[in-house]
Amino acid sequence: MAELPAPDEPGEGQVIVRMRAAALNFADLLSAEGSYQDSQPPPYTPGIEGAGEVLAAGPGSGFAEGDRVVVCTPGTLAEAGVFPAAALTPLPEGIGWPEAAGLQVAYGTSHIALGHRAALAAGETLVVLGAGGGVGLTAVELGAALGARVIAVANGEAKQAAAKAAGAAEVLDGADPKALKAALRGLGGVDVVYDPVGGAPGLAAFGALNRGGRFLVIGFAAGEPPQLPLNHALVKNLAIHGVFWGGYLSLDPALLRRSTGELLGLVAGGKLRPHVGHRLPLDRIAEGFALLRDRRAVGKVVIEL
């Protein structure tokens, strides 16, 4: 922790934001360990998403003092920061700081993965691995909202209950990958796999895909990528999509802005209810990282500032 002077006046196209909450993501943990694909050299301010209010707006920013905003750019885990206006999206009234803080990466990943990459259709079967975690719960909720039959895979009663409450039609335990594969096949197989876990669970779910199915590579919470047999992808006409939300900041930023706006509209309309499982003050951030490292988090971990 460091005490630094408050930010000065914002420059052209910049905004100073008083952060009220920032979410922790698995990417933050990997970055702190130096193993993330976009790791920053220390010292740096962690956090890639959050919410707060505008303290000062520079010329050409399009914002004004007092505006409520969500922020998506490195450096959100601080009481205040200077950010480019392009990293901000207006936050509608009625959405709390903690709920807004953890919306963009988790829900945005699922929104782009399911709607844009996999083109999930009503009536299809979606299996979500790691369904009790922050990103997994959003996939369950969005999949159900799109009309899919959602099978949630989560370990422990608390995570399974959270997945059921988010809209899962079926809930399975993923502790035994061989049993998981058999259970998924017994339920008729799946059309889309949403995999933020990787490893043996990812391979098991891949083996349960129906012909023409889609496999979404979201992350590797298990510690390693699944060793997918590409000959099966050929024979069964399977598609494998990598979905790195942060990559769209340069690949297609307009899609990210559109996605964030749509998600905020769904929350404001009561169609999505972000699940904040853990709220911690800034001086307990290490506990938040431990929740992610030990895979004990249920829903999002949010640091209140």
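1. A pocket is an open set of grid points with protein on both sides within 12 Å along at least five of seven lines, and its lining residues have an atom within 4 Å of a point. The model discussed here is predicted.

2. The second largest pocket is lined by 22 residues. Nearest its centre lie Ala-2, Leu-4, Thr-45, Leu-77 and Ala-78. The volume of this pocket is about 770 Å³.

3. Strand E4 (residues 80-84) supplies the largest share of the lining of the second largest pocket, namely four residues. By type, that lining consists of 17 nonpolar, three polar and two charged residues.

4. Helix H6 (residues 177-186) and helix H7 (residues 199-206) have axes that come within 8 Å and cross at roughly 25°. Angles under 35 degrees count as roughly parallel, so H6 and H7 are roughly parallel to each other. The crossing of H6 with H7 is right-handed. On the H6 side the contact is made by Pro-177, Leu-180, Lys-181 and Leu-184, and on the H7 side by Ala-200, Pro-201, Ala-204 and Ala-205. Seven of these residues are nonpolar, none is polar and one is charged.

5. For helix H3 (residues 104-117) and helix H10 (residues 253-268), the axes come within 10 Å and cross at roughly 105°. H3 and H10 are therefore roughly perpendicular to each other. From H3, the contact involves Gln-104, Tyr-107, Gly-108, His-111, Ile-112 and His-116. From H10, Leu-255, Leu-256, Ser-259, Thr-260, Glu-262 and Leu-263 take part. The residues of this contact comprise five nonpolar, six polar and one charged.

Key:
Residues numbered from 1 in each chain as written. Predicted model: local features only at pLDDT ≥ 70, side-chain atom pairs only at ≥ 80, totals over all residues. Heavy atoms only, no water. Axes fitted to C-alpha atoms, helices over the stretch in contact; angles between N-to-C directions. Helix = DSSP H or I, 4+ residues; strand = E, 2+ residues; numbered from the N terminus. Parallel < 35°, antiparallel > 145°, perpendicular 65-115°, else oblique. Left-handed = near helix turned anticlockwise from the far one by under 90°. Contact = heavy atoms within 4.5 Å. Nonpolar A, V, L, I, M, F, W, Y, C, P; charged D, E, K, R; others polar. 1 Å grid on protein atoms, 1.4 Å probe; cavity = no way out; pocket = protein on both sides within 12 Å on 5 of 7 lines; lining within 4 Å. Points joined across faces, edges and corners; volume = space filled by probe spheres on them.
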